Amino acid sequence: MPETSPPDASDSAKEDDFENTKMSFGQHLEELRSALFKALIALLTGTIFGLFIGWDIVAYIQTPLKEALVEHYREQAAAQELARLEALKAEGEPVPEDLDAAAKEFAARGLVPQEVWIDPAELAKLNPGLLNEDAVPKPKGEVSSQLPERKDLLKIRLYRPVENDPRVRVIGLQAHEPFMVYIKASLVAGAIFASPLIFYFIWDFVAAGLYRHERKYIYLYLPFSLGLFLAGAALAFYVAFDYVLAFLFKFYAWTETDPSMQLSEWMSFVLLLPLGFGISFQLPLVMLLLERIGVFTVEAYLSKWRIAILVIAILSMVLTPADPQSMIVMGVPLVVLYFLGIGLCRFMPGRRESTK
């Protein structure tokens, strides 16, 4: 009779460990209910703290939008100044030799021009010695109550600092909009404050289905996952927003329209793009999970790296407004994270050696 090898002691220990921790379906539901309840309590606690800084958050998240608006109207002022100088040159008036440089120098001063027409008669009433008598039209017969013609008015240019331009302000279209944005900002702040506890409670529920020796990996991967998410969100807010807004505002310039930014829509956009970056930055841990459960191997990751880069390029195009700059801002870090994921699969603890 063929000899049968005795069962491996480690496998028996794992089976006993699994049997001791096995739970029924109802017990799993109870664990899930407990984890979600704890996560909800953590979220509510964080939101209470967020209410104290909600207005500061609303003001802060408008920073990249207002900076983009200032730059947009500064470029618009440069274009208007260039057109004015070209018109003066066509009339034979003395103008600088380099009109483009003069227009850019004007824009660098941060002033927005506005042309207005003034009735010289009304101006003479305010300051009789300001205008020459010939510049003030003389009434013929009875004083007319009709409005003056444009040709009889004086055209002057007024300037205001671009940061004080009313068009730079973010607007609201509904009475409750500022309040709802404040609540959303407080809720987001609460989620950020409570995120370590929320992640911990969720991963603690997942750990209930693992072997005892595998549960320690949860506490190793959890901070790494949270750090990647925050890094992706920070990259979107502090880097990608500048390129995205510059790209989108170009269409306003091309169509000669002025942007009017609504507070609630901007709040949704602020949450969407960092969320997409944060989730996409989980790529190394997703690769690690797929390798640990046997779906892929390290060799497969290495051999399919060209396909992976193509998928990353498509993902970057979907999760960003498709301008080249923001696609590069997302795509290049994801390529680096892909090879980082290969390194995690090879060197992080918990790797299952392939059987021959």
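Predicted model: local features only at pLDDT ≥ 70, side-chain atom pairs only at ≥ 80, totals over all residues.
## Contact between helix 4 and helix 5

Helix 4 contributes Arg 74, Ala 77, Ala 78, Glu 81, Leu 82, Leu 85, Glu 86 and Lys 89. On the side of helix 5, the residues are Leu 99, Asp 100, Ala 102, Ala 103, Phe 106 and Ala 107. By class, the residues of this contact comprise 9 nonpolar and 5 charged, with no polar ones.

Two packed helices are described by the angle between their axes and the distance between the axes. For helix 4 (residues 63-90) and helix 5 (residues 99-108), the axes come within 8 Å and cross at roughly 140 degrees. Antiparallel would require an angle over 145 degrees, so helix 4 is classed as oblique to helix 5. The crossing of the two helices is right-handed.

## Helix 13

Helix 13 covers residues 324-347, which is 24 residues.

The buried residues of helix 13 are Ser 326, Val 329, Met 330, Gly 331, Leu 334, Leu 337, Tyr 338, Gly 341, Ile 342, Leu 344 and Cys 345. These buried residues pack against helix 8 (216-255), helix 9 (263-280), helix 10 (283-292), helix 11 (298-303) and helix 12 (305-319).

Tyr 221 lies in helix 8. Its relative accessibility is 14%, and because buried means under 20%, Tyr 221 counts as buried.

Trp 117 belongs to strand 1 (residues 111-118). With a relative accessibility of 37%, Trp 117 is classed as partly exposed. Setting aside neighbours within four places in sequence, Trp 117 is in contact with Arg 150, Leu 153, Leu 154 and Lys 155. The C-alpha atom of Trp 117 is 6.3 Å from that of Ile 156, a residue 39 positions away along the chain.

## The chain as a whole

The secondary structure consists of 13 helices and 2 strands. Of the 356 residues in the chain, 31% are buried.

Among contacts with a sequence separation of 6 or more, 81% join residues 24 or more positions apart.

How values were computed
Residues numbered from 1 in each chain as written. Heavy atoms only, no water. Axes fitted to C-alpha atoms, helices over the stretch in contact; angles between N-to-C directions. Helix = DSSP H or I, 4+ residues; strand = E, 2+ residues; numbered from the N terminus. Parallel < 35°, antiparallel > 145°, perpendicular 65-115°, else oblique. Left-handed = near helix turned anticlockwise from the far one by under 90°. Contact = heavy atoms within 4.5 Å. Nonpolar A, V, L, I, M, F, W, Y, C, P; charged D, E, K, R; others polar. Expected span 1.5 Å × (residues − 1). Buried < 20%, exposed > 50% of the residue type's maximum accessible area, 1.4 Å probe, protein only.
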